[in-house]
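Please walk through this structure with me.

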Amino acid sequence: MSAANNHFDVIVLGVGSMGSAACYHLAKRGIKVLGLEQFDIPHNQGSHHGKSRMIRKAYYEHPDYVPLLERAYELWDELEADATEKIIYRTGGLYLGSSYGSIITGSLESARKHGLPHRYLNHAEICEQFPSFQVPETFEGYFESEGGFIRPEDAVQEHAHQAEKNGARILASTPVLDWVSSPDGVEVKSSAGNFSAGQLIICAGAWTGPILRDLGIELTVTRQVQAWFEPKDDPKKFTHENFPCWFIETDPPHGHYGFPTLPSQKGLKIAEHKPGEPILADQVGQAVDPPNQSELDDLQRVLNTFIPGAAGQLLKSCTCLYTNSPDQHFIVGKHPELDPVSLAAGFSGHGYKFASVMGEILADLATNGATRHSIEFLSPKRFG
Ligand SMILES: Cc1cc2nc3c(=O)[nH]c(=O)nc-3n(C[C@H](O)[C@H](O)[C@H](O)COP(=O)(O)OP(=O)(O)OC[C@H]3O[C@@H](n4cnc5c(N)ncnc54)[C@H](O)[C@@H]3O)c2cc1C
């Protein structure tokens with residue numbers, strides 16, 4: 001292959017959640033882009049498998065995420081308009097916790113600051129409007145009709161597919177083995193040969209550790225359990241037309257969350273949103289240990305306590321990876337020391353819903369060096 005064929009405007013390292021979206025936005029702008037992925041697209045070794053990822057606007061974690069979410073919703077709809085499969089389901093989102101916990105206070109603060117439509121619910125209203133849920137009398141509720149879920153494997157595949165339709169070159173099963181940056185651009189060594197580009201975007205998920213460690217930022221990769229249970233009550237009560245996505249602050253500030261049954265899958269999915277057991281970087285990508293019985297018993301106990309009609313027999317379970325930043329906020333921006341390099345990492349178990357807008361932001365950074373989106377609060381420089 002000639003040197004010209006191996007030179008690109010932008011190379012994207014990692015075609016997972018964020019990388020597939022970056023390839024899509026770059027290709028749609030007519031940029032010559034190469035995406036390199038070490039596994040299949042999609043795959044079940046990283047952070048984007050499990051069939052559902054919650055999307056919500058009432059961002060209790062930080063109100064500055066809300067404008068990004070507004071744009072993320074628009075871009076998910078745009079992707080879906082050209083997709084063969086449905087990607088985003090607006091089931092409504094129900095968030096339950098005590099009046100002093102962060103889920104209620106933070107969601108209300110985001111709603112107030114950004115004028116988000118929502119319904120506040122007292123305990124009696126929770127019981128009346130959502131009778132499947134049983135929560136302590138001290139709990140309050142926040143419901144937003146825009147809440148719902150995205151199908152992550154389909155969305156990764158669709159971003160990559162539409163990127164290719166717009167001219168991107170995407171290579172699966174092609175690990176990046178090394179890269180170097182100079183003021184003129186980057187040289188990338190992969191299992192399929194060497195490539196060069198003006199810009200490199202690094203979206204390596206759980207494999208980003210060594211790159212950020214050089215900047216003094218420590219990422220912690222953790223093993224997270226997801227499980228699916230057959231409903232005990234009439235399954236119709238729990239379909240995506242009849243049942244919301246939910247989050248319950250079971251162990252403030254952490255909690256459990258779950259989904260209705262999906263069109264192609266029996267069973268309600270539940271997981272805990274709390275960094276799990278840390279995993280050594282070199283274990284990542286080899287079969288991560290499956291859940292053990294006590295982890296599954298814990299999830300069933302939570303369902304039995306809060307949604308008893310959903311707590312039937314276990315159907316299926318698996319593990320997945322969180323890549324936690326030191327403050328649980330994302331790390332997105334230009335590399336502080338290497339001008340041709342942009343970074344998107346440390347999505348800390350809540351990043352998927354943003355993948356569509358992250359693709360746009362990363363395309364902006366690689367082509368213009370800046371973005372119109374307010375991402376200063378996510379800058380890698382904030383760690384000093
Ligand atoms: C159980 C679970 C539940 C979650 N629930 C939600 C939720 O409800 N809502 C939400 O918004 N978020 C959720 N998340 C978080 C969300 O899924 C992640 O934040 C997001 O997927 C991270 O995207 P990423 O692109 O950083 O990683 P990934 O999607 O894993 O992509 C990184 C890619 O880089 C590739 N790569 C790495 N190194 C190389 C290399 N050297 N060469 C080539 N390729 C390489 C990897 O193979 C991988 O494909 C959840 C995560 C988990 C694990």
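Q: How many residues surround the ligand, and which are the closest?
A: This is a predicted model: local features need pLDDT of at least 70, side-chain atom pairs count only at pLDDT 80 or more, and totals for chains, interfaces and linings use all residues. Residues are numbered from 1 along each chain as its sequence is written. A residue is near a molecule if its C-beta atom, placed from the backbone, lies within 6 Å of it. The shell holds 34 residues, and the closest are Gly-14, Gly-16, Gly-46, Gly-205 and Gly-351.

Q: How do the residues of the shell divide into nonpolar, polar and charged?
A: Ala, Val, Leu, Ile, Met, Phe, Trp, Tyr, Cys and Pro count as nonpolar; Asp, Glu, Lys and Arg count as charged; the others, Gly among them, are polar. On that basis the shell around the ligand has 16 nonpolar, 15 polar and three charged residues.

Q: Which domains give the shell around the ligand at least three residues each?
A: Domain bounds come from an automatic or database domain assignment. The chain is divided into two segmented units, 3-47 + 153-217 + 327-383 and 87-149 + 220-324. The shell draws at least three residues from each of them, domain 1 and domain 2.

Q: What separates the centres of domain 1 and domain 2?
A: The centres are taken over C-alpha atoms. The separation is 30 Å.

Q: How many residues does the contact take from each domain, and which helix gives the most to the side of domain 1?
A: Two residues are in contact if their C-beta atoms, placed from the backbone, lie within 7 Å. The contact takes 17 residues from domain 1 and twelve residues from domain 2. On the side of domain 1 that touches domain 2, three residues come from the top contributor, helix H5 (residues 152-165).

Q: How many residues of strand E20 are buried?
A: A residue is buried if 20 or more other C-beta atoms lie within 10 Å of its own, exposed if 12 or fewer, and partly exposed in between; C-beta atoms are placed from the backbone. In a regular strand the side chains alternate between the two faces of the sheet. Val-341, Leu-343 and Ala-345 point one way from E20 and Ser-342 and Ala-344 the other way, and all are buried. For E20 (residues 341-345) the count is five of five.

Q: Which strands pair with E20, and in which sense?
A: Two strands pair if DSSP finds at least two bridges between them. Ile-201 has Ser-342 of E20 as its bridge partner, and Gly-333 stands opposite Leu-343. E19 also forms a hairpin with E20, with six residues between them. Over three bridges the partner is parallel strand E12 (residues 193-202); over four bridges it is antiparallel strand E19 (residues 331-334).

Q: How many residues of helix H8 are buried?
A: Gly-369, with a positive phi near 80°, follows H8. Buried residues of H8 include Met-358, Glu-360 and Leu-362. The count is eleven of 14.

Q: Which prolines follow a cis peptide bond?
A: Omega is about -5° for the bond from Ile-41 and near 5° for the bond from Pro-252. One proline lies in the loop between strand E2 (33-36) and E3, the other in the loop between strand E14 (245-251) and strand E15 (254-258). They are Pro-42 and Pro-253.

Q: Is Lys-51 buried or partly exposed?
A: Lys-51 lies in the loop between E2 and E3. Its phi is positive, near 75°, though it is a residue other than glycine. It has 18 C-beta neighbours inside 10 Å, so Lys-51 counts as partly exposed.

Note on methods: Helices (H or I, at least four residues) and strands (E, at least two) are DSSP runs, numbered from the N terminus.
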